[in-house]
Amino acid sequence: MTQYRFVVDKMPNFERAACTSAPSSVFFSRIEGRGGRISREELAEANLYCSSCPIRQECLEYACRTDSVGIWGGRFLSEHITRRLREKHGWPLQREVVTDA
């Protein structure tokens, strides 16, 4: 199993995020076992937090730089989408392989 270490040069201040009181399941756990799909209703629920978040763009950029999946910055991100956004914006992937078993 490949393990990674993040080497992010620009970490958002997540303490300022609008979602700090939200359960993480709103943003992450629902995609497991469903082929990486979520419903419009699920995205809308997450955007109740994301739409007014002061670090929305920073959150999205961080997720793309670290190849994260789930809902970040009000967008649903899969590995394919994060790769596409990194290429579009010129954001480098900021992680490195630690072990590859």
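Asp67 is buried, with a relative accessible area of 15%; buried here means under 20% relative accessible area, with over 50% called exposed and partly exposed in between, using a 1.4 Å probe and protein chains only. This aspartate is found in the loop between α2 and β2. Helices (H or I, at least four residues) and strands (E, at least two) are DSSP runs, numbered from the N terminus.

The Asp67 side chain makes a polar contact with the side chain of Arg86, at 3.4 Å. A polar contact is a pair of N or O atoms within 3.5 Å; within protein, one must be able to donate a hydrogen and the other to accept it, and residues adjacent in sequence count only if both atoms are side-chain atoms. Leaving out residues up to four places away in sequence, Asp67 touches Glu79, Thr82, Arg86, Leu93 and Arg95, where contact means heavy atoms within 4.5 Å.

## What kind of model this is

This is a predicted model, so to speak with cut-offs attached: local features need pLDDT of at least 70, side-chain atom pairs count only at pLDDT 80 or more, and totals for chains, interfaces and linings use all residues. Residues are numbered from 1 along each chain as its sequence is written, and side-chain values use heavy atoms, with hydrogens and water left out.

## The overall layout

You get three helices and four strands in the chain, running β-α-α-β-β-α-β from the N terminus on. Of the 101 residues in the chain, 35% are buried. Take the contacts between residues at least 6 apart in sequence: 63% of them join residues at least 24 apart.

Over in helix α2 sits Arg65, which is buried with a relative accessible area of 10%. Its side chain makes a polar contact with the side chain of Glu61 (2.8 Å). Not counting residues up to four places away in sequence, Arg65 touches Asp9, Arg86, Trp91, Pro92, Leu93 and Gln94.

Arg65 and Glu61 also turn up in the lining of the second largest cavity, along with Lys10, Glu58 and Tyr62. That lining divides into one nonpolar, no polar and four charged residues; Ala, Val, Leu, Ile, Met, Phe, Trp, Tyr, Cys and Pro count as nonpolar, Asp, Glu, Lys and Arg as charged, and the others, Gly among them, as polar. About 30 Å³ of space lies in this cavity, and the structure holds two cavities of 30 Å³ or more.

On the method: with a 1 Å grid over the protein atoms alone, a cavity is a set of points where a 1.4 Å probe fits but cannot get out, while a pocket is an open set with protein on both sides within 12 Å along at least five of seven lines; lining residues have an atom within 4 Å of a point. Grid points are joined across faces, edges and corners, and a volume is the space filled by probe spheres set on the points.

## The largest pocket

The largest pocket has a volume of about 260 Å³. It is lined by 16 residues, and Phe14, Cys19, Phe27, Phe28 and Cys59 are the closest to its centre. The lining splits into 12 nonpolar, three polar and one charged, with at least two residues each from α1 (40-50), α2 (56-65) and β2 (70-72).

## Phe27 and the nonpolar core

Phe27 is also among the members of the largest nonpolar core that touch the most other members, as are Cys64, Trp72, Leu77 and Leu85. A nonpolar core is a set of buried Ala, Val, Leu, Ile, Met, Phe, Trp, Tyr and Cys residues joined through side-chain atoms within 4.5 Å. This core has 17 residues, and α2 gives the most, with five.
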